[in-house]
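What lines it, and which parts of the fold contribute?

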Amino acid sequence: MKTIHKIILYLLLLVPAANALASDFETGTKSLIKRVLPKHASFFEVAQITADNNKDVFEIEGKGSKIVLRGNTPVEVASALNWYLKYYCHAQRSWCGDNMDLPAKLPVPASKVRITSPYKDRVYLNYCTFNYSMSWWDWERWEREIDWMAMQGINMPLSITGQEAVWQNTLRKYGMNDEEIRSFLVGPAYFAWQWMTNIESINGPLPQNWIDRSIVLGQKILTRQRQLGMTPILQGFTGYVPIKLMEKQPQADIRKKAVWFYVGPGTAQLNPLDPLYARMSRTFIEEQTRLFGTNHIYAADPFHEGKAPVDGDEYLAQVGKAIYSTTASVDPKAVIAMQTWSMQKAIVQSIPPERILMLDLNASKWKGSEAFWGRPWVGGIIHNFGGNTAMGGDLNAVLAAYPAILNQPEKSKQFQGIGMFPEAIEHNPIIYEAAAEMAWRKEKPDTKKWMDDYLLARYGSSNEKVSLAWDTLLHTAYGKSGIVTFMESSICARPALKINGASPNGALNSEKKYRFKSLWEALALLQKAPANMQAKDTYRYDLVDLARQCVADLAIPMQKEVADAYRNGDKAAFGQSAKQYLALMDDFDQLLGTRKEFLLGKWIADARAIGKTMAESDLYEKNARALITIWGPYNEQAIQYDYSARQWNGMVKDFYKARWKKFIDFLSAELEKGENERYKEEKINNRFNRPSNTANDFYKAMSKWESDWTELHNPKFNDKPAGDEVKIVNQVYQSWLPTANRLLK
């Protein structure tokens, strides 16, 4: 009976994939408007128009009391809706709060607006986003995100939810049983790196319930994306296979690859010239198409951040040819979408130019590759690594990035699209709104004017004090600091006397490029917003976020005071500064607890809720805890710990403060010793300039404690916000302003 049940379930799951390969203009557009504006949907009419010389276009026009939205696909109509909401209604729907307080009667445009996009492809999502942000999302959260994508003009999202099932179906046909397959599959917080061919097996085995759930969720995601006229990027086959397959297919040329960043047992690569490669590639694409359909674009990134098992361009060319030819043998329309993060020229050039799309994640690799040797390409931005919560990003650079490429065609041949490729989302909404809106602009707008329009939509009205606060941010956190943010706090760093940064990236880029005191001045101004603005959820998020950055920055000189007092052997100063530093973390934790965006408890609760059994929920919680702390399973040589460096309620008090308390207690005991006998910080750092797991006895114990923390299952973290944001920000501001005035210039 179980077998029959599985067959029936499998057949039922094929129906959505078969019926969801084309957009549905009428249903797609009207349903989105009803979801976004349930009380105002009757004000809108929609109409399909032809593309403008093969370029996507939208129109907004008044017709009596109606607003007519036109576009050549549902994405363009959704973009028109977003433009209308921003520039006519001064409203905004965002990751970090909504301002959707619309009048009962909507304003009707006095004249027609028609805007054409200069970019054929608008790509969205990094593999990493699916885990650093989306690991525990349900359909409700995905539905909202897909609507956001459409409203931001995104027409080519990476869509890899459900790959677990594709691999299971494929590997069953090559001698592996379900227990072996589920042991090969990683825990649910780590799929991004498995699909990028970096790891296998860690923090699993993966429950079958998860795999079954992923099929349903993946099909819903793709059905909606296609309904809205998007062209999802699905997964391709690159020859990455389980190590166990060496045993199951002993005749095949499968070679073990080096371990990636000391995580897991390593991975295996099937030689593209081996007959098994073509068979497995065909099976993989067929199984994926059976479950999820296809839009003919396949992501394939062989040897991502890793080395090929065989040296030389000849082998790499064989890999590229095999990836394309075997995919095209199943799908003659196949196009390979390839990240440029660690691309190999021999691989790229072995794929026909019209059958590859290069994804330049940070719009930098094209310059050193003759614009990818004549291949079509997309230029993007990476703004965030790992989900760190820093406020920042160069707004002017974001607005300027795409037009700068577009307007030098002699240097940027085959440039056909733009993209947003953050490792994590749900932060810094101003940066992503700016990057997305540039899909509809050929020239860079005036940065100050664009920001003023953004704020009017975000808060629904203007205010002089608030504008001054944001002017300050435009010249500090959102000024010339680079698009990528590495503005970390010492709170999130593994404790030491000298802190170089919390994450690997932060330790290598730890210099702050703005005056810390300026943010406190901006916070004072932002708190003076009028009552109607303070009631907005968007304002409250921004207020807490700015206060969070102020406190996070203040911790840096405070930690230096603690270290200096220790080095000077001043017990009284050490005790006082250490006590104050720990007290700051308590207030920081309370501040973060006022917003759902900063709750460890929600991250863990969402993970546990997916489990069908206690054991499954415990496994998912372990995944949730590990990813954002030690990253992978404990290893003496590990270097990816604290990669996420998240300033979250619960994380600060239960993880970061606990670490600092251990370090402070250790230093306090050392101060009782003679000067020549005391602990001195020598040769403790790893390659990323942070204390290693085995630096000394203290760090050996600390790293063991960190690993043990990921195994806990304590439901003690708030999964819902607590406290009034405005009041608690004011309390934190008043409490710590004297310290800020003393320490910050």
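By class, the largest cavity is lined by ten nonpolar, five polar and two charged residues (nonpolar means Ala, Val, Leu, Ile, Met, Phe, Trp, Tyr, Cys and Pro; charged means Asp, Glu, Lys and Arg; the others, Gly among them, are polar). This is a predicted model, where local features need pLDDT of at least 70 and side-chain atom pairs pLDDT 80 or more, while totals for chains, interfaces and linings use all residues. Residues are numbered from 1 along each chain as its sequence is written, and side-chain values use heavy atoms, with hydrogens and water left out.

A cavity here is a set of points on a 1 Å grid over the protein atoms alone where a 1.4 Å probe fits but cannot get out, and lining residues have an atom within 4 Å of a point. Points are joined across faces, edges and corners, and volume is the space filled by probe spheres set on them. That gives 13 cavities of 30 Å³ or more.

| Cavity | Volume | Closest to centre |
|---|---|---|
| Largest | about 190 Å³ | Phe 130, Ser 135, Thr 161, Phe 191 and Trp 210 |

For the largest cavity, H9 supplies the largest share of the lining, four residues. Helices are DSSP runs (H or I, at least four residues), as are strands (E, at least two), numbered from the N terminus.

Over in the second largest cavity, H3 gives the most, again four residues. Its lining has eight nonpolar, four polar and four charged residues.

Note on methods: On a 1 Å grid over the protein atoms alone, a cavity is a set of points where a 1.4 Å probe fits but cannot get out, and a pocket is an open set with protein on both sides within 12 Å along at least five of seven lines; lining residues have an atom within 4 Å of a point.
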